[in-house]
Amino acid sequence: DGIRDFCLSRGLGDVYKRQVLTNTSKNMKYLLYISIILYGTNLISQNSDQIIVNDSITNLDEVIIKSNTILGNKFVARNRTGAAYYLSTDELADFNYTDINRALNKISGVNFYEEDGFGLRPNISIRGTSPERSSKIAIMEDGILISPAPYSASSAYYFPSVARMQAVEVLKGSSQIQYGPYTTGGAINFVSTEIPKSFQGKISSSYGSFNTGQTYSTVGSSNGNFGYMIEYLNYNSNGFKDLGENLNTGFDINEITSKVRFNSSKDAKIDQSLEFKFHYYDEISNETYLGLTDSDFKKSPFLRYIGSGKDKMDAEHNQYLITHEIKISEKFNITSILYHNGFKRNWYKLDDIVHNGESQKISKVISNPDLYSGHLSFVKGEINGASNFLKVKANNRKYVSQGVQTKIDYHWYGKNNSFNDLEIGLRFHYDEEDRFQWEDIYTMNYGVINIDKRGEKGSQGNRVSSANSFASYIMYKYKYNGFTITPGIRYESIKLERNDWGKSNPSRNESGLSYRENNISVLIPGIGLNYNLNNKISIFGGIHKGYSPPGSSDGQKAEESLNSELGARLAFNNVNSEIIFFQNNYSNLLGNDLAATGGFGELDPFNAGEALVNGFEFLLRSNLIDNDKTMIPLSLSYTLTNAKFLTDFGSTQDIWGEVRDGDRIPYIPQHQFNSSLSIQTKDYEINLSANYNGKFSTVANGSLEIPSYLVFDISFIYNLRSDLIFRSKILNLFNKKYSVSRAPAGLRPGHPFGIYAGFEYKF
């Protein structure tokens, strides 16, 4: 792995494949292993028989990561002064997952709860942060914040598609202080398909259960000073839920990505490149917030109430990036990115049920079926009546996220060949969320839904929330022999504003405007340490300040915590493992009023007082068999997370409810376990994954829970030719029927048994 990662990081993938994989000389492999892992090498020439090694020795620290990555390869991830994981192209290809939840299963310390079974809108937590809409972690694509409005409305109603990614990078704890504004749990960076070094492409297509199809194609090349890449992804399904008269409960997503790069000439005094990226995303999904009551879930977990028949998400996202890299010298690099993300969506969905003139939120009806039996019967299409209605809200919103960021990196060697690296980052950023919402009234007779009254535009939300921010950080790395220390500090200055024109002012007349503002400045320090006891054991740890911005209410406190970790990496014979203890001590935990968690959907943060999250992460990788004919790699990961409130308070959120000191933070399972086993030969590959998610409470007092579940996936890959591959997979191999959430409104099922197959052609 170390040899491969080193070669790939220097663009020597072909050298690795030709000289290492095909060379059977044990001495040759040993020489490469020693020279690369212990010292690093300069490869100056190669032919079909040998690699010539330059006499000069250079350290691995000189490998410079590409502009769109934060790790770049597994070798870097394993040698950081904090916990990190690099989910490589090969790992993503094992199951060719389109669901980010399943793709992240194998990474310890990552918690999540599912919602739709396909991973369209994931709820991800790292080390016990609040998982709702992944709003408390820094989510990036190619190093750029990708949530619709990361500061002013961080809930990720748009999420990058893992099916088009080259890699996924996860940072946890003190290793991710460079990537704010959310520094408590960690950061996830999605690395999109890069421009290839020579002409190549791929076309793949698959089809399977629930009329689910996926088509992907990409082509690109580099020639001299010019390179390009263009790709297309379509992912669609009819869905696995049962909505009256076989109505579609699925989705249709189309994506186009293109990149163009211009490089300076090889003989130029200063090496420079300029890259343009464009990405477009379009989604129509027949998704709803409405789940099931406990009794209905037991009888028919894939049922969907007919009253949600009009629910639909219509979304569109675009991204523009201009990346400039300048390599002033071998030691001095500057990377600057100008970016713009635009996102608009209208999630048209059932919000209230009216029975005999009494209106109730769907979350209240589902959680109290006996109290609101009439409302429930009506939404199920069992009764009719002139005084019964459905209120369908058009959650119509537009988002902008744009800015410019620069990273300056300078590294040098000091006395006794010590390595020094100074990294400085700057970012000017603006984002906003524009709400212009309304509510329509529908009647329903014998399961047939008809419009009764169109709502007034802006009557259910007519405001713009925005944020201007300046962020900077300084990170210093010092490495001597086996000791590495990385102190750093981050600075955030944020101005949060909200303009509200009221519910009866669709023209946004300034006379009806209400305004509020909150200004925050914060220093976020951190330090990480790593010490290699020998070439088999290293110990690392760190401490840093966790931070999450507040809302726009004047004087509202931010979320703050003191976070620490201590871990060890072990490598014995053919076994690599990682053991980490972590603790996040919150002085002020923030909650958010989200409709997705049973709230009113105002997004206003509220103070939740003190909380404590601690736990244990374990990761083990080993090749049970590794010879010229067969490889059998095994991977095991386990996470123990204890997450508790330390303060009494009341909450309007169904996901929290009334909270008492000592209550567990909802939707964070205490135990998670994943194992994967593969059989790999020259012609075929079989991969088996088992994922266990422990039970977790869905309200703070523990009165409602989601039971634990164990789900198996299996995939089969067969190389028909060197350029043609057959792929198949089964999700939920034993057809386990299990619930994954009670949010937003009622029990929701996980993905049932599904089988998918297709072909991949490379050229």
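**Exercises on a predicted model**

**Exercise 1. Determine where proline 550 lies and whether it is buried or exposed.**

Step 1. The loop between β25 (537-548) and β26 (559-572) holds proline 550.
Step 2. Its relative accessible area is 4%, so proline 550 is buried.
Step 3. For a distance across the sequence, take isoleucine 520: it is 30 residues from proline 550 in sequence, and the C-alpha to C-alpha separation is 8.5 Å.

**Exercise 2. Work out which strands stand at the edges of the five-stranded open sheet.**

Step 1. Write down the strand order, which is β3-β8-β9-β6-β7, with mixed pairing.
Step 2. β3 (84-87) and β7 (144-145) each have a single partner strand, so these two stand at the edges, and one side of each has no neighbour in the sheet.
Step 3. Inside the order, β6 (residues 138-141) and β9 (residues 186-192) run parallel and are joined by four bridges. Isoleucine 139 is opposite isoleucine 188 of β9.

**Exercise 3. Identify which members of the largest nonpolar core touch the most other members.**

Step 1. This core has 75 residues, and Leu104, Ile124, Val168 and Ile188 touch the most other members.
Step 2. Strand β16 (residues 332-355) supplies the largest share of the core, five residues.
Step 3. Another core, of 26 residues, lies apart from it; Met140, Leu171, Val522 and Ile524 are among its residues.
Step 4. Not counting residues up to four places away in sequence, leucine 104 touches Val110, Ile124, Val168, Val170 and Ile188.

**Exercise 4. Locate the backbone features at proline 181, proline 744, serine 134 and asparagine 732.**

Step 1. Glycine 180 and proline 181 are joined by a cis peptide bond with omega about 10°; proline 181 is in the loop between β8 (165-172) and β9.
Step 2. Alanine 743 to proline 744 is also a cis bond, with omega near 5°, and proline 744 belongs to the loop between β38 (739-741) and β39 (748-749).
Step 3. Serine 134, not a glycine, has a positive phi of about 55°. At 1% relative accessibility, serine 134 counts as buried.
Step 4. Asparagine 732 likewise has a positive phi of about 55°, and its relative accessible area of 1% makes it buried.

How values were computed: Residues numbered from 1 in each chain as written. Predicted model: local features only at pLDDT ≥ 70, side-chain atom pairs only at ≥ 80, totals over all residues. Heavy atoms only, no water. Core = buried A, V, L, I, M, F, W, Y, C linked by side-chain atoms within 4.5 Å. Buried < 20%, exposed > 50% of the residue type's maximum accessible area, 1.4 Å probe, protein only. Contact = heavy atoms within 4.5 Å. Pairing = 2+ DSSP bridges.
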